[in-house]
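Opening the notebook on this one.

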Amino acid sequence: MSTAMIYLDGLSVLGPGLPDWGTAAACLRGERPFVAAELALPAVLALPATERRRVGTAVKLAMATGFAAVADAAADAAQLVNVFSSTGGDCDNCHNLLEVLASDERLISPTRFHNSVHNAPAGYWGIATGCTAASTSLCAYDATFAAALIETATQVLASGQAAVLVAFDTAYPQPLYSQRPIPYPMGVGMVLAPQRTAASKAALQLAFTRDAADVMADAGLEQLRRTIPAARSLPLLQLLASGQPGCVVLEYLDDCQLAVTVSA
Amino acid sequence: MQALRLSAYTLTTALGRGQAPHLAALRAQRGGIVKKRWETVEFDVCVGEVAGLDEVRLPATLADYDCRNNRLALLGLQQDGFAAQVQAAIGSYGTDRIGVFMGSSTSGILSTEVAYRQRDPHSGALPPDLHYRETHNAYSVADFVRKYFALSGPAMVVSTACSSSAKVFGTAQRMLAAGLIDAAIVGGVDSLCLTTIYGFSSLQLVSSQPCRPFDAARDGISIGEGAAYVLLERGDLARPGDIILTGVGESSDAYHMSSPHPEGRGAHMAMQQALQMSGLQPADIGYINLHGTATPSNDAAEGAAVLALFGKDTPCSSTKGHTGHTLGAAGGIEAIFSALALREGLLPGGVGTSQTDPALPCNYLLHNVEQPLQHVLSNSFGFGGSNCSLVFSRVDA
């Protein structure tokens with residue numbers, strides 16, 4: 001069985017060689033070649049200066065991804081239920097804490113400690129936007145994007161309110177990089193709404209399936225899909241870029257994949 | 001909302017394994033927090049430690065998941081016949097239709113902390129027996145539970161600091177309402193590690209003695225560990241005497257990363273929404289299991305919000321004096337304390353608290369009260385300003 005219909009009002013992508021949705025859509029349609037390149041992330045101007053100085057790649061990426069999706073939907077961030085998903089949270093911060101704890105002087109920075117919670121980007125989002133609505137931060141290892149899409153969709157259906165999904169991943173430095181080799185930071189944002197609005201680009205329905213997950217034909221994009229959890233969204237983004245109705249299967253968990261039906 | 005039945009529930013903390021030692025400890029107002037030298041921590045610390053985790057052995061097929069957190073997860077699953085109840089649910093619904101939504105803030109990071117101490121001095125490489133995916137990654141405990149039962153439905157870990165395992169009740173409720181599942185295993189597992197002991201110490205939020213929630217002299221938390229599980233099914237299956245989830249409220253403080261809004265703005269919103277969803281008035285709530293961490297600012301913010309919404313009369317207490325603050329597992333553990341309170345008609349008096357703060361004139365229970373309960377509210381508020389309140393009710397005879 002599938003969920004009731006929900007509507008995609010806003011979309012954003014920030015990834016290697018994919019600096020915005022327009023460029024990403026052209027790559028996904030095959031109109032321009034995909035070439036991975038470092039991503040430049042803006043400072044989070046919405047945060048107070050004291051907070052802004054403290055935040056690293058993970059928070060910058062999550063903020064930029066969320067704000068771009070909200071702007072695309074012409075929505076008010078302060079009103080949106082929000083879901084933040086990431087496989088590792090702030091990986092640089094985690095590595096730093098582990099190094100300090102392994103040293104003779106275990107002088108943990110209080111700021112680094114509170115930034116170590118998985119929901120730190122969600123906390124900064126609330127501070128930056130003034131949003132007091134429900135906020136969830138979650139993880140499902142490689143299945144994190146599909147898990148977040150399900151959580152956001154069911155939030156929208158249950159609350160009857162629009163929600164923003166921010167899926168982001170960053171890389172660990174060594175030595176944890178060898179255990180979790182995510183090659184580039186990448187973020188995907190979506191604003192989902194319970195009813196069709198002037199901003200709605202497509203209608204979505206979700207269902208579980210045992211069918212195999214779709215893969216990308218382009219080798220570079222397929223490499224991203226396989227190595228960055230947020231990029232498991234690429235088959236859906238490709239279908240959305242085509243502007244056509246259809247159905248894709250996103251990689252989720254063993255024996256349980258996520259089918260997404262896109263209609264006008 | 002459509003109410004959900006708590007078909008089975010179990011908890012394991014410093015008070016013991018399963019419901020019986022917890023009820024005994026509540027009745028005796030006995031806490032499980034002890035002062036000790038833990039792992040390689042260089043100072044004495046008061047912790048709520050679960051006994052016997054070093055002896056727990058994971059099934060051979062799940063050997064890669066071996067870490068303190070998953071040992072605790074397994075030990076918890078084996079209490080109160082919980083695993084058998086899950087097997088019965090699998091028989092009814094099939095493996096595809098049961099979700100696993102767990103809350104955790106620590107996951108098995110202790111393993112990586114130890115591994116960082118054992119890095120190769122030349123190459124910096126981690127020891128080969130570290131399994132990041134199965135132990136350290138936030139998802140590992142839900143993955144472990146899902147594999148333990150060979151389930152093939154949806155799963156994830158919510159990691160919103162100390163509200164984590166309260167919020168998974170909301171996830172399960174929404175997933176059932178959307179028709180994607182028929183039942184869910186929800187709960188939380190968090191275990192002692194250096195990150196939280198040194199981290200909370202750096203913020204000067206750890207008490208030098210067992211914590212004293214809502215006490216005038218409260219001076220910080222005691223870190224605990226624990227596992228809690230609840231099997232949730234549709235509420236229309238509930239029979240008289242059963243415990244059901246009737247309300248979930250979630251909000252954000254939008255204020256500060258590690259300090260609550262001083263007036264408890266987010267706490268107030270979460271409690272109000274939970275009441276609204278359950279269709280209840282404040283006067284209907286017979287007992288509030290407070291978040292009650294025992295830090296000066298957390299208790300002040302929560303107390304202000306409780307007073308504003310409920311006034312001075314509603315009985316309340318924090319069970320963190322019994323178990324310590326089990327962080328990502330606290331919401332699940334306190335949900336089960338709430339269910340036990342409803343089932344037994346037992347309003348637990350707090351442990352560790354002797355003189356309640358006159359600035360927080362709530363009806364904080366210093367002694368047990370035995371009286372029938374119909375509705376209980378449980379609060380869980382976390383770093384990053386993440387708040388969740390749950391309402392549990394007893395089905396009328």
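I started in chain B, where the side chains of B:Glu39 and B:Arg117 meet in a salt bridge, N to O at 2.7 Å. My cut-off for a salt bridge is a side-chain nitrogen of Lys or Arg within 4 Å of a carboxyl oxygen of Asp or Glu. The two residues sit 78 residues apart, B:Glu39 in the loop between strand E3 (34-36) and strand E4 (45-48) of chain B and B:Arg117 in helix H4 (residues 109-117) of chain B. Helices (H or I, at least four residues) and strands (E, at least two) are DSSP runs, numbered from the N terminus.

Buried or exposed? I use under 20% relative accessible area for buried, over 50% for exposed and partly exposed in between, with a 1.4 Å probe and protein chains only. B:Glu39 comes out partly exposed at 33%, and B:Arg117 is partly exposed too, at 31%.

Housekeeping: this is a predicted model, so local features need pLDDT of at least 70 and side-chain atom pairs count only at pLDDT 80 or more, while totals for chains, interfaces and linings use all residues. Residues are numbered from 1 along each chain as its sequence is written, chains are lettered from A and ligands numbered from 1 in the order in which they are written, and side-chain values use heavy atoms, with hydrogens and water left out.

Next I searched the whole structure and got 31 salt bridges over all chains. One I looked up is A:Arg232 with A:Asp142, closest N and O atoms 3.2 Å apart. That pair links distant parts of the chain, 90 residues apart: A:Arg232 is in the loop between helix H8 (219-227) and helix H9 (234-242) of chain A, and A:Asp142 is in the loop between E3 and H7 of chain A. A:Arg232 counts as buried because its relative accessibility is 4%; A:Asp142 is buried as well, at 18%. Both belong to a network of salt bridges that also links A:Arg180, A:Glu222, A:Arg225, A:Arg226 and A:Glu251.

Then the contact between chains. How many residues does each chain give? I get 61 from chain A and 63 from chain B, with contact meaning heavy atoms within 4.5 Å. The two chains bury about 5000 Å² between them, 63% of it on carbon and sulfur atoms; that is the accessible area (1.4 Å probe) lost on being put together, summed over both. On the chain A side, A:Arg106, A:Phe113 and A:Tyr141 lose the most area to chain B, together 14% of what that side buries.

I count 4 salt bridges between chain A and chain B. Among them, A:Glu99 pairs with B:Arg119 at 3.2 Å between closest N and O atoms, and A:Glu151 pairs with B:Arg174 at 2.7 Å. The latter pair runs from helix H7 of chain A to helix H7 (residues 164-177) of chain B, and A:Glu151 and B:Arg174 are both buried.

Last, strand E3 (135-139) of chain A. A:Leu138 partners B:Val158, and A:Cys139 partners B:Val157. Within chain A, E3(A) also pairs with strand E2 (residues 81-85), parallel, over 4 bridges; here A:Ser85 partners A:Leu138. I checked burial along E3(A): 5 of its 5 residues are buried.

How values were computed: Two strands pair if DSSP finds at least two bridges between them.
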